[in-house]
Amino acid sequence: MNQFKKLLIYFKKLIIKEINYILKKPTQALFFITYRCTSQCKMCTIWQKGEIIDTQKELTLEDWKKCVDMLGPKNLTYVELFGGDILLRKDVTIPLIQYIKKRNKKTMVEFPTNCNLLDKETAISLVKSGMDTVYISLDGPIEIHDKMRGKHGTYTNVQKAIEYFVEAKKNLGSKTPEIIINTTVMANNVENFEAIIPIVKKLGVDGIEFEYVGEFKESNIKNTIFHGMNPTPFYITQGSSNLLSREQAHLLKKKMKNVRELAKNYKIKISTRVIDSLTIDNLINGTIPNKRCFISRYLITIDPFGNVMPCFHCNNYILGNIKNETSFSIRNSKKYHNFLEFQKKGKIRICENCISGVNRNSTLLQNLHRDIYFRLKGKGFDEP
């Protein structure tokens, strides 16, 4: 593909994103299959919510299929299955992927996993399902990873799962799913997170995405009130903060050049865009340079019980339920438009800490600024 064609595709995506922002047209979906989890991550509280839910009220496979049909398979460009550990619901996850791809093979289907339940049989089934990408959480060497994920043996499970996927893809002659390692950089692993590069290269993964830990400030949660309630985001401080100190933030920025060199030497694809897009002050304060929220407009988020939310960080602000309402009526409700107006006025303070929005909420001008800067400088913001 020549450079001119690539440039046209790049601008087309940015323009479509802006148009969908204006139209409030959901072209992507986030399906929270379950809140239950087999990990107890230090930077996430989803698993805590999963311990108190009524599992009998979780949506069935048929319920989720109806969601797909209601949203219009031809309109969906992307679906992420999310949790919790969604492999606790294998009765839903694998057949749902098959159904989505059957309804529209162009719809990209992805999901993250901690690999605790990803055995050989499951890997084969997922490869056969036609899913496009699997994101595997791996935060560093064995001691660091198991500590951060709150369960002994998780690192070993990751290694085995990658081997199962690579073997299944080879035996079935499949190029998918793409295997991407997702590494969350935080205070506890900033010293040695890059040690995973040679390790996962040997295992045969397709790439690594280095992310930054998200953490919602308690003050911003308290100062965000809509319809008499505060939001209940999942990424909050549990004890000591996971954010970097100023010294650690400078260390991370210094390390990024070495990370890119390692990736080049090992010939593995990496993404450091989230970290590159954050300044030193962003890293230590947990502030995110969002200008607008695209997530609440082009993405429709549905929880394990069918409730539609404006975003999963505002998971207690229910717009409606797909069991007894249509997605169209929910997204055109007064409650939804009140939320957007509230957000537009800057009254949803937790948006300041939304790590999910670093890339997803970047405006056309922000994208152009970052891409031109990164290409010309060959480094991220505040990188020496």
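# Salt bridges, a sheet and a pocket

Me: Starting with Asp91, what is its relative accessible area?
Reply: Asp91 has a relative accessible area of 47%, so it counts as partly exposed. Please keep in mind throughout that this is a predicted model.

Me: OK, and which side chain does Asp91 meet in a salt bridge?
Reply: Asp91 meets the side chain of Arg89, with an N to O distance of 3.1 Å.

Me: Where do Glu18 and Arg292 lie?
Reply: Glu18 belongs to helix H1 (residues 3-23), while Arg292 sits in the loop between helix H12 (280-285) and helix H13 (295-298), so this pair ties together parts that are 274 residues apart in sequence. Glu18 is buried at a relative accessible area of 15%, and Arg292, at 27% relative accessibility, is partly exposed.

Me: Which residue forms a salt bridge with Asp276?
Reply: That residue is Arg260, and the closest N and O atoms of the pair are 2.9 Å apart. Asp276 lies in helix H11 (residues 273-276) and Arg260 in helix H10 (residues 246-265), so the two tie together parts that are 16 residues apart in sequence. Asp276 counts as buried at 6% relative accessibility, whereas Arg260 is partly exposed, with a relative accessible area of 23%.

Me: Changing topic, what order do the strands of the open sheet have?
Reply: The open sheet has 10 strands with mixed pairing, and their order is S7-S6-S5-S4-S3-S2-S1-S8-S9-S10. Strand S7 (269-271) and strand S10 (320-321) stand at the edges with a single partner strand each, so one side of each has no neighbour in the sheet.

Me: How do S6 and S7 pair?
Reply: Strand S6 (residues 207-212) pairs with S7 in the parallel sense, over 3 bridges. Glu209 stands opposite Ser271 in S7.

Me: What about pockets: what volume does the second largest pocket have?
Reply: Its volume is about 450 Å³. The pocket is lined by 30 residues, and the closest to its centre are Asn290, Arg292, Cys293, Gln343 and Cys351.

Me: Which helix gives the largest share of that lining?
Reply: H15 gives the largest share, 4 residues, and H13 and H15 each supply at least two residues of the lining.

Me: Where is Gln343 found, then?
Reply: Gln343 is found in helix H15, which covers residues 334-344. Gln343 counts as buried, because its relative accessibility is 14%.

Me: Which side chain makes a polar contact with the side chain of Gln343?
Reply: The side chain of Ser296 does, at 3.0 Å. If you leave aside its neighbours within four places in sequence, Gln343 is in contact with Cys293, Ser296, Ile348 and Cys351.

Notes. Residues numbered from 1 in each chain as written. Predicted model: local features only at pLDDT ≥ 70, side-chain atom pairs only at ≥ 80, totals over all residues. Heavy atoms only, no water. Buried < 20%, exposed > 50% of the residue type's maximum accessible area, 1.4 Å probe, protein only. Polar contact = N/O pair within 3.5 Å; in protein donor to acceptor, adjacent residues only side chain to side chain. Contact = heavy atoms within 4.5 Å. Salt bridge = Lys/Arg side-chain N within 4 Å of Asp/Glu carboxyl O. Pairing = 2+ DSSP bridges. 1 Å grid on protein atoms, 1.4 Å probe; cavity = no way out; pocket = protein on both sides within 12 Å on 5 of 7 lines; lining within 4 Å. Points joined across faces, edges and corners; volume = space filled by probe spheres on them.
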